[in-house]
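Here is a briefing on charged side chains, their partners and a pocket. Look at the model first, then read on.

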Amino acid sequence: MTTTTPTEMFERELQKLYHAELEILDLHADLAAAAASEAVESLFADHEADTGDQIHRIEQIFETLSKEPHSEGSPVMEGILAEKDGIVSTDLPPDLRDLDVLSTGMMNERFEITVLDRLLLLAGELDLSQEVTTELTANRQEAKAALTEMEAIVERRRLDSDEQ
């Protein structure tokens, strides 16, 4: 489908986000399992409930728009999944494994935030209901919080290595 209108772009991006969130359920479980430290493992395991909430919000948006929930893949998400597959199948030392896990998680959250920013911009331009923007904003806040947590772990690790 060729995208020629803001409405078509909104629908395409919403489908892309829905697909990503469905994939993220498995992604986070795999990243938690691949983590070497308890802190990194629990970070990803704890986000499962948030991802379920985010999926529900996207489904609410589809319902508000009188559309059936439909997922559309994205080359970016497929790349993140390929990256994950590459790290969970390797036997790296624990500190490197955690770094790989966190990096993959951060790529995912940045992708989510980018798609959500585009959706929020389009929702404003299309004058969509407050309900739609509220759901999108909630998802963005959760993605940003997850990214911030991951960045904090990486930053602590960087500071610890600078002190040595």
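Glu21 is in contact with Thr51, Gln54, Ile55, Ile58 and Glu112, leaving aside its neighbours within four places in sequence; contact means heavy atoms within 4.5 Å. This is a predicted model: local features need pLDDT of at least 70, side-chain atom pairs count only at pLDDT 80 or more, and totals for chains, interfaces and linings use all residues. Residues are numbered from 1 along each chain as its sequence is written, and side-chain values use heavy atoms, without hydrogens and water.

- Glu21 lies in helix H1 (residues 6-34); helices are DSSP runs (H or I, at least four residues), numbered from the N terminus.
- Glu21 is buried but has no salt bridge, and Arg57, the nearest side chain of opposite charge, is 7.8 Å away.
- Buried means under 20% relative accessible area, exposed over 50%, and partly exposed in between (1.4 Å probe, protein chains only).
- A salt bridge puts a side-chain nitrogen of Lys or Arg within 4 Å of a carboxyl oxygen of Asp or Glu.
- For charge, Lys and Arg count as positive and Asp and Glu as negative, while His and the chain ends are not counted.
- Glu109 sits in helix H5 (residues 94-125).
- Glu109 is also buried with no salt bridge; its nearest side chain of opposite charge is Arg110, 9.8 Å away.
- Beyond four places in sequence, Glu109 contacts His28, Ala143, Ala146, Leu147 and Met150.

**Salt bridges**

- The structure holds twelve salt bridges.
- Lys84 and Asp30 form one of them (2.8 Å, N to O).
- Lys84 is in helix H4 (residues 75-88) and Asp30 in helix H1, so the pair ties together parts 54 residues apart in sequence.
- Lys84 is buried, at 9% relative accessible area, whereas Asp30 is partly exposed at 30%.
- Arg157 and Asp95 also meet in a salt bridge (3.8 Å, N to O).
- Arg157 belongs to helix H6 and Asp95 to helix H5, so this pair links parts 62 residues apart in sequence.

**Largest pocket**

- The largest pocket holds about 170 Å³ of space.
- Its lining includes Asp95 and Arg157.
- H6 gives the largest share of the lining, four residues.
- A pocket is an open set of points on a 1 Å grid over the protein atoms alone, where a 1.4 Å probe fits, with protein on both sides within 12 Å along at least five of seven lines; lining residues have an atom within 4 Å of a point.

Conventions: Helices (H or I, at least four residues) and strands (E, at least two) are DSSP runs, numbered from the N terminus. Grid points are joined across faces, edges and corners, and a volume is the space filled by probe spheres set on the points.
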